[in-house]
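Open the model in your viewer and keep the sequence panel beside it. The tour below moves from one selection to the next and says what is to be found at each stop.

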Amino acid sequence: MDYLITGATGFIGRRLVTQLLALGQEVNYLGRKRSSILDGRAAFHFWKPEESPPLDSISRLDVIVYLAGEPVMQRWTAEVKRRIYASRVEGTRKLVSAIAPLQHKPSVLICASASGYYGDRGDEILTEHSPPGDDFLARLCIDWEREARRASEFGLRVASIRIPVVLG
(Lines give C-alpha, C1' and ligand atoms only; values in the text may rest on other atoms or scores of the structure.)
Protein backbone atom coordinates (compact mmCIF):
# COMPACT_ATOMS: atom_id res chain seq x y z
CA MET A 1 0.00 0.00 0.00
CA ASP A 2 1.03 3.59 -0.56
CA TYR A 3 0.83 5.91 2.43
CA LEU A 4 1.04 9.67 2.76
CA ILE A 5 1.86 10.99 6.19
CA THR A 6 1.70 14.55 7.43
CA GLY A 7 3.55 15.17 10.68
CA ALA A 8 5.99 12.38 9.76
CA THR A 9 8.82 13.94 11.77
CA GLY A 10 6.79 14.15 14.98
CA PHE A 11 6.93 11.72 17.88
CA ILE A 12 4.25 9.38 16.51
CA GLY A 13 4.96 10.05 12.83
CA ARG A 14 8.62 8.99 12.99
CA ARG A 15 7.67 5.65 14.50
CA LEU A 16 4.85 5.13 12.02
CA VAL A 17 7.17 5.78 9.05
CA THR A 18 9.71 3.29 10.45
CA GLN A 19 7.06 0.63 11.04
CA LEU A 20 5.42 1.02 7.63
CA LEU A 21 8.76 0.82 5.81
CA ALA A 22 9.67 -2.29 7.85
CA LEU A 23 6.43 -3.86 6.63
CA GLY A 24 7.39 -3.13 3.02
CA GLN A 25 4.89 -0.33 2.47
CA GLU A 26 5.53 2.73 0.27
CA VAL A 27 5.72 5.88 2.39
CA ASN A 28 5.43 9.51 1.27
CA TYR A 29 5.50 12.48 3.59
CA LEU A 30 4.68 16.14 3.31
CA GLY A 31 6.77 18.83 4.97
CA ARG A 32 8.56 22.13 4.73
CA LYS A 33 11.91 20.38 4.34
CA ARG A 34 13.33 16.92 3.79
CA SER A 35 14.02 15.23 7.11
CA SER A 36 17.44 13.85 7.96
CA ILE A 37 15.93 11.77 10.79
CA LEU A 38 13.59 9.76 8.56
CA ASP A 39 14.63 6.73 6.55
CA GLY A 40 15.63 7.87 3.05
CA ARG A 41 13.24 5.35 1.50
CA ALA A 42 10.34 7.62 2.53
CA ALA A 43 9.59 10.00 -0.34
CA PHE A 44 9.53 13.69 0.57
CA HIS A 45 7.04 16.14 -0.97
CA PHE A 46 7.34 19.84 -0.21
CA TRP A 47 4.29 21.46 1.39
CA LYS A 48 3.90 24.90 2.87
CA PRO A 49 0.96 24.47 5.26
CA GLU A 50 -0.51 27.81 4.14
CA GLU A 51 -0.96 26.33 0.66
CA SER A 52 -2.83 23.40 -0.82
CA PRO A 53 -0.85 20.15 -0.45
CA PRO A 54 0.60 18.76 -3.72
CA LEU A 55 -1.33 15.49 -3.72
CA ASP A 56 -1.49 15.42 -7.51
CA SER A 57 2.31 15.05 -7.60
CA ILE A 58 2.13 11.67 -5.84
CA SER A 59 1.44 8.88 -8.32
CA ARG A 60 -0.61 6.64 -6.04
CA LEU A 61 -2.13 6.97 -2.58
CA ASP A 62 -4.08 4.35 -0.68
CA VAL A 63 -4.03 5.85 2.82
CA ILE A 64 -3.46 9.35 4.16
CA VAL A 65 -2.49 9.77 7.81
CA TYR A 66 -2.80 13.32 9.16
CA LEU A 67 -0.59 13.81 12.23
CA ALA A 68 0.60 17.38 11.59
CA GLY A 69 0.07 20.19 14.02
CA GLU A 70 1.51 22.82 16.30
CA PRO A 71 2.47 21.19 19.61
CA VAL A 72 -0.31 21.36 22.20
CA MET A 73 2.05 20.94 25.15
CA GLN A 74 3.00 24.59 25.58
CA ARG A 75 1.60 27.69 27.27
CA TRP A 76 -1.66 28.58 25.54
CA THR A 77 -1.42 32.25 24.69
CA ALA A 78 -3.93 33.66 22.22
CA GLU A 79 -1.32 33.35 19.45
CA VAL A 80 -0.44 29.75 20.35
CA LYS A 81 -4.13 28.81 20.36
CA ARG A 82 -4.49 30.38 16.91
CA ARG A 83 -1.52 28.37 15.60
CA ILE A 84 -2.79 25.13 17.17
CA TYR A 85 -6.20 25.65 15.60
CA ALA A 86 -4.85 26.65 12.18
CA SER A 87 -2.39 23.76 11.99
CA ARG A 88 -5.07 21.20 12.66
CA VAL A 89 -8.41 22.50 11.43
CA GLU A 90 -7.26 24.62 8.50
CA GLY A 91 -4.52 22.12 7.60
CA THR A 92 -7.04 19.29 7.50
CA ARG A 93 -9.44 21.45 5.47
CA LYS A 94 -6.72 22.09 2.86
CA LEU A 95 -5.74 18.44 2.75
CA VAL A 96 -9.32 17.23 2.28
CA SER A 97 -9.98 19.89 -0.37
CA ALA A 98 -6.90 18.68 -2.26
CA ILE A 99 -8.33 15.14 -2.33
CA ALA A 100 -11.50 16.20 -4.20
CA PRO A 101 -9.96 16.68 -7.67
CA LEU A 102 -7.74 13.59 -7.58
CA GLN A 103 -8.42 11.11 -10.35
CA HIS A 104 -7.40 8.18 -8.10
CA LYS A 105 -8.43 8.92 -4.55
CA PRO A 106 -7.09 7.11 -1.49
CA SER A 107 -9.55 4.83 0.25
CA VAL A 108 -8.83 5.93 3.83
CA LEU A 109 -8.05 9.11 5.75
CA ILE A 110 -6.79 8.55 9.27
CA CYS A 111 -6.82 11.86 11.08
CA ALA A 112 -5.36 12.43 14.50
CA SER A 113 -7.58 14.08 17.05
CA ALA A 114 -7.21 14.19 20.82
CA SER A 115 -8.79 12.70 23.90
CA GLY A 116 -9.22 16.36 24.83
CA TYR A 117 -12.40 16.04 22.75
CA TYR A 118 -14.11 14.94 25.97
CA GLY A 119 -12.90 17.82 28.15
CA ASP A 120 -12.11 17.36 31.83
CA ARG A 121 -14.71 14.88 33.09
CA GLY A 122 -12.95 13.67 36.22
CA ASP A 123 -13.45 9.96 36.85
CA GLU A 124 -16.37 9.59 34.41
CA ILE A 125 -15.98 6.54 32.18
CA LEU A 126 -15.92 7.74 28.58
CA THR A 127 -16.47 5.95 25.28
CA GLU A 128 -16.28 7.22 21.73
CA HIS A 129 -20.03 7.82 22.00
CA SER A 130 -19.65 10.22 24.95
CA PRO A 131 -20.45 13.83 24.12
CA PRO A 132 -17.66 16.37 23.71
CA GLY A 133 -16.50 18.80 26.35
CA ASP A 134 -16.77 22.58 26.07
CA ASP A 135 -13.25 23.93 26.42
CA PHE A 136 -10.68 25.03 23.85
CA LEU A 137 -9.29 21.57 23.14
CA ALA A 138 -12.74 19.98 22.90
CA ARG A 139 -13.95 22.65 20.45
CA LEU A 140 -10.72 22.25 18.47
CA CYS A 141 -11.30 18.49 18.17
CA ILE A 142 -14.94 18.96 17.13
CA ASP A 143 -13.91 21.29 14.31
CA TRP A 144 -10.90 19.14 13.37
CA GLU A 145 -12.94 15.94 13.12
CA ARG A 146 -15.66 17.75 11.13
CA GLU A 147 -13.07 18.81 8.54
CA ALA A 148 -11.72 15.26 8.31
CA ARG A 149 -15.22 13.80 7.86
CA ARG A 150 -15.64 15.90 4.71
CA ALA A 151 -13.39 13.34 2.97
CA SER A 152 -16.26 10.85 3.17
CA GLU A 153 -18.02 13.00 0.53
CA PHE A 154 -15.32 11.77 -1.89
CA GLY A 155 -15.78 8.12 -0.95
CA LEU A 156 -13.01 7.83 1.66
CA ARG A 157 -13.43 5.96 4.91
CA VAL A 158 -12.49 8.42 7.66
CA ALA A 159 -11.12 7.46 11.07
CA SER A 160 -10.44 10.13 13.68
CA ILE A 161 -8.19 8.74 16.38
CA ARG A 162 -8.51 10.52 19.73
CA ILE A 163 -4.96 10.26 21.00
CA PRO A 164 -4.20 11.04 24.66
CA VAL A 165 -0.92 12.47 25.90
CA VAL A 166 1.82 10.22 24.51
CA LEU A 167 4.80 9.47 26.72
CA GLY A 168 8.01 7.99 25.41
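Begin with the largest pocket, whose volume is about 1300 Å³. A pocket here is an open set of points on a 1 Å grid over the protein atoms alone, where a 1.4 Å probe fits and protein lies on both sides within 12 Å along at least five of seven lines, and lining residues have an atom within 4 Å of a point. Its volume is the space filled by probe spheres set on the points, which are joined across faces, edges and corners.

Before going on, note that this is a predicted model, in which local features need pLDDT of at least 70 and side-chain atom pairs count only at pLDDT 80 or more, while totals for chains, interfaces and linings use all residues. Residues are numbered from 1 along each chain as its sequence is written, and side-chain values use heavy atoms, with hydrogens and water left out.

Select Leu67, Ala68, Gly69, Glu70 and Arg88 next, which of the 45 lining residues lie nearest the centre of the largest pocket. Then colour helix 2 (78-99), which gives the most to this lining, with 8 residues. Helices (H or I, at least four residues) and strands (E, at least two) are DSSP runs, numbered from the N terminus.

Strand 5 runs parallel to strand 4 (residues 63-66), joined to it by 4 bridges, and two strands pair if DSSP finds at least two bridges between them. Strand 5 also pairs with strand 6 (residues 157-163), in the parallel sense, over 7 bridges; to see this pairing, select Cys111 and, opposite it, Ser160 in strand 6.

Which residues does Glu145 touch? Glu145 lies in helix 3 and counts as buried, at 5% relative accessibility. Not counting residues up to four places away in sequence, Glu145 touches Ser113, Tyr117, Ser160 and Arg162, contact meaning heavy atoms within 4.5 Å.

End at Glu128, in the loop between strand 5 and helix 3, which is exposed, with a relative accessible area of 62%. Leaving aside neighbours within four places in sequence, Glu128 is in contact with Tyr118 and Arg162.

Definitions and conventions:
Buried means under 20% relative accessible area, exposed over 50%, partly exposed in between (1.4 Å probe, protein chains only).
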